[in-house]
Amino acid sequence: MTMMDHFQRHTPRAQRGFVIAYVFVTVALLAALAAVLIHSSRTAPTIARLQALESALRAQAGVQRERIGRCVLEYPSGNNGTGFHPAYPGGSAVAADSLICPGAPAGNQSLWAGQGGDFMPQAPSGFVWTYTNDASGVSLHLTGDAQVLARLLSYYATNEAQLSGATLTLWISK
């Protein structure tokens, strides 16, 4: 006598249906667990991507602000010819990688030509850095993904940064 024969002979028909219901419930729970695991594995890279972008952009902002500030400290008598904050590089909505340091000797004016080991960090895909020196102050502007910029804004004081749409403004001097 096989085990199945024994089961069929000694188990009432109603109990056999009850066992099958347990099997179906178990399969359904395993399917739900698999769906949750698949969903979480799709979400995790998105969160990791946001954190990596946030970290890279914060580092880039720090490097740029430091380099612009160093230009002013090294050449305080520089004159950008605009009448606004003369020791800072001049211009409005200028690509941040093309800034020159007023007052620096000829051949050393580019902030990012590698003097002192300084190179312009490349912005992640979809992001653009610009620089402005005008009557309102000296600022860096980062344009890109609004969600990432909103997260980035949380690291700065309210008088230090502001978000308008998909552009984050970081003040260097007001």
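Author: Happy to! Let's look at two cysteines: C71 is buried, and C101 is buried as well. Please keep in mind that this is a predicted model. The two residues are joined by a disulfide, with 1.9 Å from S to S. A disulfide is a covalent bond between the sulfur atoms of two cysteines. This bond ties together distant parts of the chain: C71 belongs to helix α2, while C101 lies in the loop between β1 (91–95) and β2 (128–134), and the two are 30 residues apart. The torsion about the S-S bond of C71 and C101 is about 100 degrees, so the disulfide is right-handed. A search of the whole structure turns up one disulfide.

Q64 has a relative accessible area of 1%; since buried means under 20%, Q64 counts as buried. What does Q64 touch, leaving aside its neighbours within four places in sequence? Its contacts are A96, W112, M120, W129 and L140.

One name in that list leads us to the largest nonpolar core, which has 28 residues: W129 is among those with the most contacts inside this core, together with L142 and L170. At least two core residues each come from α2, β2, β3 (137–143), α3 and β5 (167–173).

Helix α3 is worth a stop as well. It runs over residues 146–153, and its residues V148, L149 and L152 are buried. These three cover an arc of only 100 degrees around the axis, which puts them on the same side of α3. Here is the general idea: an α-helix has 3.6 residues a turn, so residues three or four places apart point the same way. At the start of α3, a side-chain oxygen of D145 comes to within 2.8 Å of the backbone nitrogen of Q147.

Finally, let's step back to the whole chain. It has three helices and five strands, and along the sequence they follow the pattern α-α-β-β-β-α-β-β. The chain has 174 residues, of which 29% count as buried. Among contacts between residues at least 6 apart in sequence, 54% join residues at least 24 apart.

Key. Residues numbered from 1 in each chain as written. Predicted model: local features only at pLDDT ≥ 70, side-chain atom pairs only at ≥ 80, totals over all residues. Heavy atoms only, no water. Buried < 20%, exposed > 50% of the residue type's maximum accessible area, 1.4 Å probe, protein only. Helix = DSSP H or I, 4+ residues; strand = E, 2+ residues; numbered from the N terminus. Arc of directions from axis to C-beta. Polar contact = N/O pair within 3.5 Å; in protein donor to acceptor, adjacent residues only side chain to side chain. Contact = heavy atoms within 4.5 Å. Disulfide = S-S within 2.5 Å. Core = buried A, V, L, I, M, F, W, Y, C linked by side-chain atoms within 4.5 Å.
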